[in-house]
Amino acid sequence: MSVNHMKITRSVEDYLEAMYSLELEQGTIRVKDVAETLGVKPPSVVEAVKKLSKMNMVSYERYGTIKLKEDGLKIAKEVNSRHQLLKNFLLIMGVDGEIAEKDACAMEHVMDVSTISKLRKFVEFNNIFPNTYKFMEKFREYAEKDTISSSDDH
């Protein structure tokens, strides 16, 4: 059964993203680390890993380490990319870092590809054009105070 014919749930995406992050940070993926990262019990991780193994997204030997396979890695990288994009967008908008992290985690699963694409372009545009920063500063001031201080910048 190929990945294309399976429903990739939010839970599957969360597990794959957590595993990908652990692999990047620590070089290995262990059940206890996944459990700690996601705030779940190790038996829940073992069940998820069994499901992911049947979906051909990970390989795992009991009491061993978990390895992301090609399909799992592809999905994990995409979810991680969406997460980082959304977090960066929220930070640009002036959202607090912890809140941006939490909201990006929720949003990464439900947004349409076309919306993600436009947000990616917005973040890229914001990075390319230095004057955009001044515009965003004014937006953040307006969002916080419901007013904009008078200056020659706008």
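A salt bridge is a side-chain nitrogen of Lys or Arg within 4 Å of a carboxyl oxygen of Asp or Glu. The model shown is predicted, so local features need pLDDT of at least 70 and side-chain atom pairs count only at pLDDT 80 or more, while totals for chains, interfaces and linings use all residues. Residues are numbered from 1 along each chain as its sequence is written, and side-chain values use heavy atoms, with hydrogens and water left out. The structure holds nine salt bridges.

**View 1. Lys121 and Glu124 in helix α6.** A salt bridge links Lys121 to Glu124, with 3.7 Å between the closest N and O atoms. Both residues belong to helix α6 (residues 113-128), three residues apart, or about one helical turn. Helices (H or I, at least four residues) are DSSP runs, numbered from the N terminus. Lys121 is exposed, at 54% relative accessible area, and Glu124 is partly exposed, at 34%. Here buried means under 20% relative accessible area, exposed over 50%, and partly exposed in between (1.4 Å probe, protein chains only).

**View 2. The network of Glu13, Glu78 and Arg82.**

**View 3. Arg10 and Asp14 in helix α1.** The closest N and O atoms of this salt bridge between Arg10 and Asp14 are 3.9 Å apart. The two residues lie four residues apart in helix α1 (residues 10-26), about one turn of the helix. Arg10 is partly exposed, with 43% relative accessibility.

**View 4. Asp33 and Arg30.** Their side chains meet in a salt bridge, 3.0 Å from N to O. Asp33 is buried, at 9% relative accessible area, whereas Arg30 is partly exposed, at 35%.
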